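Subject: Handover of a protein structure and its computed features

Dear colleague,

Please find below the sequence and the structure that I am handing over to you. My account of what was found follows directly after them.

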Amino acid sequence: VGTRRERVADSLCALIGKPARQDRVLDLTYCAELSAPDFAAAARALALTTMFAGVRAYDLPLGDAVAALGECARGGGVDGSTISLTHLTLSGVLPDGSRRAAFRSLADALVAGAAAGLPLTHLDWSHNDGRDAAVGGAAQVAAALPHALETLDLTHCHAGRAATAALAAALDAHHSHAGSLQVLRLGGNEVGKGGGALASFLRRAAALRELSVGGSACSVAAVAAALAHGAPQLATLDVSAVRLGRADVAALVAFGASSAALTSLSVARCGVEADSVLAIAQSLQLNPRLSATALDASGNALGAVGGYLLAAALPTLSKLTALHVDEIGRGPDLPPELAGGSGSRNGTPEKDSSPADGGNSFSRGRDRSNSSDAAKASAPGAAVLLLEALAAAAAALPALTSVALGHTAVGTPDRLATALHAFLIGAPQLKALYLAGSGASRLRGAL
């Protein structure tokens, strides 16, 4: 290990004096054997060269070694002139909270480097159990930089409301951030229903293209209203895993109807019903300034009835590029006249063919009960209903390239195979189809 660490340090030190290239980021993602001491040695060597403009590491158990990057942040040359760190990605390097002090140390170094001209523009500390230390440290960095960040990803740092409020306040107070920040990801941190500083910042976020607040317990109504007021370039909005009330849905509908750039919206696992999903989808469709949109409504208990309503509306949603409705639950069964089961023909209930003079009423009742049970057994699930609707409306959905119906009730397996066959033939532009857990694995021969 010591020899390998020395080789890493020697090879990087050999790059001293070479000019920095803005597209050169040292990517350690696939260095499976890289240990924390190896990373620390590489970090110390990076402080002496301008060859690399950043560091990228995913899912490596670095722990305390992340603090070694402090030398890069402060400037490792004799005169401090080698500060060239523009990109810093340390995602999933702190799987537990036992080394949070390392993030505090690194944040302090970045703040000190900011005073010396640190050119940092991209900061990614996502998927670390850094909690308030990571998000609070990022707030200090954002406040200290003489210029604005372009990307800030703090997804799933598990920070509390006070730390995220401090971060939002730092972004709001530093006016250049509003004009330059393009990507802001705060999902998995507690934003809270107030979100005053965040909403204030979003009202001036003229350059923002992507916002993720999934699982943050924020006020989506306040966020959507702020975005409608001041984020004209927003293309991606993720509010997944945030419980949406009527006011939140109404605000999303208003934003969808007025946005000039929205191309992707996630309301997955938001506890919304089919009418809310349809209202959001139709607001995007009716917006004349939008030409293509992707909608993720997975994890909402739409059930078969919701699947039927969504299927009925599909022919009018010609701007959809992706429709993800994984795990929408079974919900209540469709009535026979909608299910198209054994109790109906083409959606029309069959008439009672028993004699009018009475006959055996008990036998007729038992027959009706058996017929009802058979209809339920043969009733289509939401996946089948949606696939049949997609197949029928394929010509009206020319932009649709991705569909996800995984972990969704199937109903009749043969009917699923037939619907899949028709849909795949009618949608040659399709690039991705997700059916995991939908029962399709039992139909390999038919597929």
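I begin with a residue in a loop: histidine 156 is placed between β5 (151-153) and α6 (161-173). Please bear in mind throughout that this is a predicted model. Although histidine 156 is not a glycine, its phi is positive, at about 55°. With a relative accessibility of 35%, histidine 156 counts as partly exposed, because that class covers values between the 20% limit for buried and the 50% limit for exposed. A positive phi also occurs at glutamate 327, another residue other than glycine, where the value is near 50°. Glutamate 327 belongs to the loop that runs between β11 (320-324) and α13 (336-339).

Overall composition

The protein contains 16 helices and 15 strands. Of its 447 residues, 50% are buried. Among contacts with a separation of 6 or more, 85% are made by residues 24 or more positions apart.

The nonpolar core and its aromatic pair

In soluble globular proteins, nonpolar side chains tend to be buried together. Here the largest nonpolar core has 124 residues, and Leu90 and Trp125 have the most contacts inside it. The element that gives the most to this core is helix α4 (residues 100-115), with 7 residues.

Tryptophan 125 deserves a separate description. Neighbours within four places in sequence aside, tryptophan 125 is in contact with Leu88, Leu90, Phe103, Leu106, Ala107, Leu110, Ala134, Gly137, Ala138, Asp153, Leu154 and Cys157.

The count of aromatic pairs comes to 1. That pair is formed by phenylalanine 103 and tryptophan 125, whose ring centres are 5.0 Å apart and whose planes stand at 75°, so the arrangement is edge-to-face. Since phenylalanine 103 lies in helix α4 and tryptophan 125 in the loop between β4 (122-124) and α5 (131-144), the pair ties together parts that are 22 residues apart in sequence. Both phenylalanine 103 and tryptophan 125 are buried.

Helices α12 and α15

How do α12 and α15 lie relative to each other? The axes of helix α12 (residues 303-313) and helix α15 (residues 382-392) come within 8 Å and cross at roughly 5°. An angle under 35 degrees counts as roughly parallel, and the two helices α12 and α15 are therefore roughly parallel to each other. On the α12 side the contact involves Gly303, Ala304, Gly307, Tyr308, Leu310 and Ala311, which meet Ala382, Leu385, Leu386 and Ala389 of α15. These residues of the contact divide into 8 nonpolar, 2 polar and no charged.

Alanine 396 is in the loop between α15 and β14, and with a relative accessible area of 30% alanine 396 is partly exposed. Residues up to four places away in sequence not counted, alanine 396 touches Pro315 and Ser318. The C-alpha atoms of alanine 396 and serine 318 are 5.7 Å apart in space, although 78 residues separate the two in sequence.

Leucine 405 is found in the loop between β14 (402-404) and α16 (413-426). Its relative accessible area is 1%, so leucine 405 is buried.

Threonine 293 is found in strand β10 (residues 293-296), and a relative accessible area of 5% makes threonine 293 buried. Apart from residues up to four places away in sequence, threonine 293 touches Leu262, Thr263, Leu284, Lys319, Leu320, Thr321 and Ala322.

Serine 219 is found in a loop, the one between β7 (210-212) and α9 (220-230). At a relative accessible area of 16%, serine 219 is buried, because the limit for that class is under 20%. Its contacts, neighbours within four places in sequence left aside, are with Gly192, Lys193 and Asp248.

Yours sincerely

Key: Residues are numbered from 1 along each chain as its sequence is written. This is a predicted model: local features need pLDDT of at least 70, side-chain atom pairs count only at pLDDT 80 or more; totals for chains, interfaces and linings use all residues. Side-chain values use heavy atoms; hydrogens and water are left out. Helices (H or I, at least four residues) and strands (E, at least two) are DSSP runs, numbered from the N terminus. Buried means under 20% relative accessible area, exposed over 50%, partly exposed in between (1.4 Å probe, protein chains only). Contact means heavy atoms within 4.5 Å. Axes are lines fitted to C-alpha atoms, for helices over the stretch in contact, and angles run from 0 to 180 degrees between N-to-C directions. Angles under 35 degrees count as roughly parallel, over 145 as roughly antiparallel, 65 to 115 as roughly perpendicular and the rest as oblique. Ala, Val, Leu, Ile, Met, Phe, Trp, Tyr, Cys and Pro count as nonpolar, Asp, Glu, Lys and Arg as charged, and the others, Gly among them, as polar. A nonpolar core is a set of buried Ala, Val, Leu, Ile, Met, Phe, Trp, Tyr and Cys residues joined through side-chain atoms within 4.5 Å. Rings of Phe, Tyr and Trp (its six-membered ring) pair if their centres lie within 6.5 Å; planes under 30 degrees apart count as stacked, over 60 as edge-to-face and the rest as tilted.
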